[in-house]
Every structure is written in structure tokens, then in C-alpha cells.
Amino acid sequence: MELLVNSECKKSVAVWQPYFRGGGAEAVSLWILQALSQKYNLTLYTLSEVDFFKLDAMYNTKLAEENIKVIANLPKKLESFGYLLMAASKPFRSAFMYWTIKRFKQDASQYDAVFSAFNAIDMGRPGIQYLHWIRVVENNTPNAKPWLKKLMQWVDFSYERLEKNYSVANSSYTADNAKKCYGIESNVVFPPVTTTIDSLPWPKKKNAFLCSGRIVAAKQTHRVISILKKVRDRGFDIQLHITGGGAGNGMYPEKYLKEVKTLVEENPEWIYLHQDLPYQEYLKILSECRYGIHYKPEPFGISVAEMLKAGMIPFVRPKGGQMEIVGAENPEILFDDEADAVEKISHVLSEPDLQVRLLSSLEQRKDLFSTETFMKEIQAVVDHHFSTL
């Protein structure tokens, strides 16, 4: 009876996340749910039913143990068909997303607080929004697609209401761009990285690189392969482990995935592809690799933060949120293009003393990214929001 009373006394929070098909934004939304599940009665608004047991295994959360109500727009029997449409057509993808926004807005007044875990949106009332980037859901610029404008009209999307939300950004880089785009200030809360990575000592790690994230054209996985092939041609005996999902799960087109698989099949002696790994198996690969590489400039780059936490030396582009992960004070691991990457990587691989210095510098940055820090900061954001109501 005491548990029932305590539950009834908790404030209610509705969280919007349009879908769960792999990737950093989805991981952040799950840890937002984890952070709030102990303090509030949670309802999740999303497109289709959620398998928390599967997601817990992938992201090290424990949401299956929590009493989270899920309101899904799409019937289970239509789920596969719906995601096929979304993979084939960006207008369909946006239409399904706006359908969930419409339902979320209709119910928003029933809750003590509302929270968008997927970027800036109009929730029908002031709420909290976590920004992974700008103009992901909406676009009011002159070059916005006509079908997107119609969807925004359909849900009565208001920028005035969006700008009244309390905004949280995943990096200072995103916060600066949100200021330029929306004219709003944002509190920076770095995405979480698990603190349970049992990393091997450097001498015991494999002379291998990790490329992590969805295997889609935007991530430029083929460029990573090209770079490391040229490094190998210089005599460095390195391997590449590619981990990631999302491309073949009915949400993203599979053409690019097939292209990457062909490159892997052409180089079986040094490239290994791991898709949709259980979280613990992914952690094992994280712990074993010495180096990481990420080609796409990201608003944050959670896979890069995971590399750092695992004791790797990550090579990244010199712009975007990943700069806040590895630090601008480490120019030896920041590359401009493929040719520069080959030179920078070859230099680091050939200089053990430089590796030691980089590892020491990166070690000091690990505490910036943890699940504990993230959850405390998200809880503080919601507590502050309630204090202003």
C-alpha cells in the first residue's frame, strides 16, 4: 500500500521520442527515461511498441524493471510496413513523426511536465527539449519542402511555443547553433557514456581501430575503410572493427550497407563487421581496440565519447561536438580530410611516446561523460522546470 501511495504522489512527466531504431539520439532518450523513472510517473509517446528488454541489452539501461507507460500510434501488425515506408521515403518518415507529435500535443495538458527527447518541437505548452541538433524535426526556412510545411500546419506547429521551452543541448557547438537558429539559450548536458567499460591495458589491446555508429551514407564508413587501407599500405599491420546497426532495420535504406559489406568482403583479413551487437559484446570490442576513427563531424558524437572512455585514441574531424570530447589541445588526432587522416594516423602509430602523451591527455577528460553525471543533470533540469511553474 505504501508503494501505491508513493507512486500516486509522484508528479507525472510525458516524454516524446518518435522511434527507436538505433543511434545516439535514441540512447540519450533511454537514459532520460532512466534518469526520471525513479522520481516521476513516466509516459512515453512514440510510434510503435517498445521492447525495453532488447533496448536494455543494447544500451545498459534497466527500463524493463520500471513502470513506464508506452503510448504507441502504430499497431503492432503494421509496424514492419510502417518502417518500410519510412525507409523508402523521407516524407513518409516525417509524416509518421508528426503523427506522434500530434498525439503528444493532444495529451500534453494531462501531465505535470512534458519533455521532448528528440530535438526542438512545439509540445502545445512550455516543456523541456533536448537538442541533438537544429532543424531536425522542423524547418521554417524558405527552402523547406512543401510537404514539411503542410505537416507543420497539420499539427499547428508554433515556433513561438517552441522558443518558450527550456532547452538542453548535447554540446556547446549545438547550443551555439541553436542560439543562431532559434534565438534561445541552452543548458549543456553531455550525453551519457556507460561507466562499466572494463578496458584492457594499452599493451594488451589489439592494434585495431573501431568505427562505430549507424552504417549509413552520412557516417561515411567507406571513407574510413579507404583511409585505413592506405595506412596499411604504408606497412602498419592494423585491423578495423565496424560496429553498428540502423541501416538494415527497416528505418534506413540498405543500399549503402550493401556497399560497405562488399568492401568488408573484399578485405576479410583485416576488416570485421559486427551488426546490432548486444551491449556487453560491444563493450568487449570497445575494451580491446587501441584506436578509434569517426569521419563525420557530429553535433556531439557519442561513439567518440565511448572510445575515449574505453581508453582509445580517437581520430576525428576538427569541427563539431567531438572537439569537446577529445579536446582542441590534441591536434595530432584531428584530421581535415582523407589524406590528412592517413598522415596523422601514420604519425601517431609510429611514435610510442606520442601515444603515451595523448593517452594521458585524454584520460583527464573521461569524467566529463558518465551515466551518473547525465542522470543527475537531467533530474536537476526537470526539478528546476517544476520550480518555475
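Me: Leaving aside neighbours within four places in sequence, which residues is Thr 196 in contact with?
Reply: Thr 196 is in contact with Asn 60 and Leu 283, where contact means heavy atoms within 4.5 Å. This is a predicted model, in which local features need pLDDT of at least 70 and side-chain atom pairs count only at pLDDT 80 or more, while totals for chains, interfaces and linings use all residues. Residues are numbered from 1 along each chain as its sequence is written, and side-chain values use heavy atoms, leaving out hydrogens and water.

Me: Why is Thr 196 called partly exposed?
Reply: Its relative accessible area is 47%. Buried means under 20%, exposed over 50%, and partly exposed in between (1.4 Å probe, protein chains only). Thr 196 therefore counts as partly exposed.

Me: Where is Thr 196 found?
Reply: Thr 196 lies in the loop between β7 (186-188) and β8 (206-212). Strands (E, at least two residues) and helices (H or I, at least four) are DSSP runs, numbered from the N terminus.

Me: What makes Cys 211 count as buried?
Reply: Cys 211 has 7% relative accessibility, so it counts as buried.

Me: How do you know that Cys 211 is in no disulfide?
Reply: A disulfide is a pair of cysteine sulfur atoms within 2.5 Å, and by this rule the count is zero. For Cys 211 the nearest cysteine sulfur, that of Cys 289, is 11 Å away.

Me: Why is α2 called roughly perpendicular to α3?
Reply: The axes of α2 (residues 24-37) and α3 (residues 52-59) come within 11 Å and cross at roughly 110°. Angles under 35 degrees count as roughly parallel, over 145 as roughly antiparallel, 65 to 115 as roughly perpendicular and the rest as oblique. So α2 is roughly perpendicular to α3. Ala 27, Leu 30, Trp 31 and Leu 33 of α2 meet Phe 52, Leu 55 and Tyr 59 of α3. These residues divide into seven nonpolar, no polar and no charged.

Me: What makes α9 roughly parallel to α10?
Reply: Helix α9 (residues 221-233) and helix α10 (residues 255-266) pack at about 15°, with axes 10 Å apart. That makes α9 roughly parallel to α10. Thr 221, His 222 and Ile 225 of α9 and Tyr 256, Val 260 and Leu 263 of α10 make the contact.

Notes. Axes are lines fitted to C-alpha atoms, for helices over the stretch in contact, and angles run from 0 to 180 degrees between N-to-C directions. Ala, Val, Leu, Ile, Met, Phe, Trp, Tyr, Cys and Pro count as nonpolar, Asp, Glu, Lys and Arg as charged, and the others, Gly among them, as polar.
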